[in-house]
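Subject: Structure handover

Hello,

Here is the structure I promised to pass on. Please open it beside this message, and then read on for what I found.

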Amino acid sequence: MNALLGIDYGGTHTKLLLVDGTEGDGPVLARESVPTAGLDVLVQDVRRFVGDQPVARFAMTVAGTFDAATGVVRRSVNMPWLDGTAPAQRISAAVGIPGSAVQDGIATAVGEATLGAGRDADDVFVIAIGTGIAGAHIVGGQVRAGAHGGAGEVGHVAIAGAHRCSCGQTGCLETLIGGGQLGLRWVEQSASRADPPTARDVVVAAEAGDEAAQAVLAQASDGLARALLQVSALLDPGVIVIGGGVARSPSWTVHPAFERARREATFHRLPEMRLAELGVWAAAHGAVLAAADEVG
Ligand SMILES: [Zn+2]
């Protein structure tokens, strides 16, 4: 019996997922989350995790940009030890299993669209709101990458406000609702706090009645509502799926955004709007699907 391996090589944790068969949607044989370390440790983790199981192929996520032909990482902001290396080739040579790299945001989106909240739909736009925001439009199981591979950058669509984004523009969706930015927006409104709080801290404060935190989350969900209307106007997807860390407190962010988008839609053909279902395993499933594509 053959199997496929998905490796989600994340900034803090690495998720290993073994799936039966070579279609990518078979039963899960094993899964494990280990602390992320260098590639030498990852080789040992993969060997131990796979054991004697025959594996046809693997794919591993890369958090950053890489050359599609060679697999060489151009730049990984959070995992700089990958810059200039070809991590999938290195793992492949060490463990004797053919494998390739897949961009982490793409893997998350394909996982959710194919096996998660979008699995019954053919045309799905996925928005993953973490520290940054990843977006991807998946039609018939394939990502619509665009002519230059740059489609889906919903985090850098200018929405509102004058905050400078990491991309150089002002007012991007990411400045309103990106995980790191929620804390910064809260600090601006309540100067007494020294450390940059997390998105979770902002939600906890809002739940405890902190009006500044509530206002920051209201602006964030308004911005997300506007982005939902823009995605609908431009792409008319069948389903929009929202996941990522910020979506784990949906009553403050995602649900009000869904309601506001429904209220404000005029000509739009609004899609079904759903919360993601695979949680932190979405990218590992997406990696398995990428491996299945290569086998096919
Ligand atoms: Zn931006």
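Start with strand β11. V239, V241 and G243 point one way from β11, while I240 and I242 point the other way. All of these residues are buried. In total, five of the five residues of β11 are buried, so the strand is mostly covered. Keep in mind that this is a predicted model.

Now look at the neighbours of β11. Strand β8 (residues 123-129) runs parallel to β11, and five bridges pair them. V126 has V241 as its bridge partner in β11. β12 also pairs with β11 in the parallel sense, over four bridges. There the bridge partner of V241 is R274.

Step back to the whole sheet. It is open and has five strands, in the order β10-β9-β8-β11-β12. The pairing is mixed. Which strands stand at the edges? They are β10 (142-143) and β12 (272-275). Each has a single partner strand, so one side of each is left without a neighbour in the sheet. At the β10 end, strand β9 (residues 133-139) is joined to β10 by two bridges, and the two run antiparallel. I138 stands opposite V143 there.

Next, go to helix α7 and what follows it. S221 is found in α7. S221 is buried, because its relative accessibility is 4% and the cut-off for buried is under 20%. Compare S221 with V241. They are 20 residues apart in sequence and 15 Å apart in space, C-alpha to C-alpha.

The loop between α7 and β11 (239-243) holds D236. Is D236 buried or partly exposed? It is partly exposed, with a relative accessible area of 46%. Its backbone deserves a look too. Most residues other than glycine have a negative phi. D236 is not a glycine, yet its phi is positive, at about 50°.

Which element gives the most to its lining? Helix α7 (residues 211-235) does, with five residues. The lining includes A227, Q230, V231, L234 and L235. It also includes F125, G152, E153, V154 and V157. By type, the lining has seven nonpolar residues, two polar and one charged.

Then find the zinc ion. Which residues are its protein donors? They are H156 (through ND1) and C165, C167 and C172 (each through SG). Why is the arrangement called tetrahedral? The four donor atoms subtend angles of 102 to 126° around the zinc ion, and that makes it tetrahedral. The ideal angle for four tetrahedral donors is 109.5 degrees.

C172 counts as buried, because its relative accessibility is 0%. C167 counts as partly exposed, because its relative accessibility is 39%.

β1 and β2 form a hairpin with three residues between them. They pair in the antiparallel sense over seven bridges. L5 has L18 as its bridge partner in β2. Strand β2 (residues 13-20) is mostly covered, with seven of its eight residues buried. β2 then pairs with strand β3 (residues 28-35), again antiparallel and over seven bridges. In β3, the partner of L16 is E32.

β1 pairs with β4 as well. Strand β1 (residues 3-9) runs parallel to β4, and five bridges join them. G6 has A59 as its bridge partner in β4. β4 also pairs with strand β7 (residues 99-103), in the parallel sense and over five bridges. Here A59 stands opposite S100. How many residues of β4 are buried? Seven of the eight residues of strand β4 (residues 55-62) are, so the strand is largely enclosed by the rest of the structure.

That is the handover. Write back with any questions.

Best wishes

How values were computed:
Residues are numbered from 1 along each chain as its sequence is written. This is a predicted model: local features need pLDDT of at least 70, side-chain atom pairs count only at pLDDT 80 or more; totals for chains, interfaces and linings use all residues. Side-chain values use heavy atoms; hydrogens and water are left out. On a 1 Å grid over the protein atoms alone, a cavity is a set of points where a 1.4 Å probe fits but cannot get out, and a pocket is an open set with protein on both sides within 12 Å along at least five of seven lines; lining residues have an atom within 4 Å of a point. Ala, Val, Leu, Ile, Met, Phe, Trp, Tyr, Cys and Pro count as nonpolar, Asp, Glu, Lys and Arg as charged, and the others, Gly among them, as polar. Donors are N, O and S atoms within 2.8 Å of the metal (3.2 Å for Na, K and Ca); water is not among the atoms, so sites may look incomplete. Four donors count as tetrahedral if all angles lie between 85 and 135 degrees; four count as square planar and six as octahedral if opposite donors are over 155 degrees apart and all others between 65 and 115; anything else is irregular. Buried means under 20% relative accessible area, exposed over 50%, partly exposed in between (1.4 Å probe, protein chains only). Two strands pair if DSSP finds at least two bridges between them.
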